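Open the model in your viewer and keep the selection panel at hand. This tour goes stop by stop.

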Amino acid sequence: DGWSYHVYNPGKQPENSRIPYAIERNEENQVTKYGYFTTMGDLADKVQEKLNQYGYNDIPLVVSETGHSSVAKYDETYPGGAEMMQANYELRDFVMMYDKTDYVSFYNAVSKQNNDSEYERKLGILNSYKSDSYNDSGVKYSAKPVFLAMSSFNALLANAELLNKKIDGNNYDFEFKNQEGQTVYMLWAKE
């Protein structure tokens, strides 16, 4: 058993995602008032709080689907382009959920070929099998920066313990102890 949910925040910074949820509904069950979670970690806290309220304290939290797209429209708005944005945002989302969820599945392994939505086609962590307009690198199944970022994270911090996190305005400082007993820091400043 587990509690599964999936959330997408197209082009939104992980630290200010504004994930909507219903506060009030009318008789037709239409949402009349929304509230917002700031981060995926805040959402996980709220889900856990609700599960605890009903006596389900030991149910794993599973983010069954999430991710950021490297859609071309972000090339002009993000330093380093859309693929660097995808890498930074997915890693930051993951770290902010690190101690709150039991499993996270990033969507999708390989960028899709046959989809009318450019956003959907660019969700993969690997480029598609064709060297065409769907694959910016020209190399079949080439690793996108998000794949390399997550690989590096796993090499340094697989099964690490989160010791401390400090958020000071736009600055984020996460301290881990890895399996070798080394202290590893992940630091970033929100754009």
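**Stop one: two loops**

Select Asn29, in the loop between strand S2 (19-25) and strand S3 (31-37). Helices (H or I, at least four residues) and strands (E, at least two) are DSSP runs, numbered from the N terminus. The model is predicted: local features need pLDDT of at least 70, side-chain atom pairs count only at pLDDT 80 or more, and totals for chains, interfaces and linings use all residues. Residues are numbered from 1 along each chain as its sequence is written, and side-chain values use heavy atoms, with hydrogens and water left out.

Phi of Asn29 is near 65°, a positive value in a residue other than glycine. Most residues other than glycine have a negative phi. Asn29 is partly exposed at 49% relative accessibility. Cut-offs: buried is under 20% relative accessible area, exposed over 50%, partly exposed in between (1.4 Å probe, protein chains only).

Next, select Asn159, in the loop between helix H4 (145-157) and strand S6 (161-168). Its phi is near 60°, also positive. Asn159 counts as exposed, at 66%.

**Stop two: the rings**

The whole structure holds 10 aromatic pairs. Rings of Phe, Tyr and Trp (its six-membered ring) pair if their centres lie within 6.5 Å; planes under 30 degrees apart are stacked, over 60 edge-to-face, the rest tilted.

Show Tyr98 and Phe153. They are edge-to-face, 6.1 Å centre to centre, with 70° between the planes. Tyr98 lies in the loop between helix H2 (82-97) and strand S5 (103-106) and Phe153 in helix H4, so the pair ties together parts 55 residues apart in sequence. Both Tyr98 and Phe153 are buried.

Phe176 sits in strand S7 (residues 171-177), and is buried.

**Stop three: the charges**

Which residue forms a salt bridge with Arg92? Glu15 does, with the closest N and O atoms 2.7 Å apart. A salt bridge is a side-chain nitrogen of Lys or Arg within 4 Å of a carboxyl oxygen of Asp or Glu. The count is 4. Arg92 is buried at 5%, and Glu15 is buried at 4%.

Move to Lys165 and Asp99, bridged at 3.4 Å between the closest N and O atoms. Lys165 is partly exposed at 33%, and Asp99 is partly exposed at 44%.
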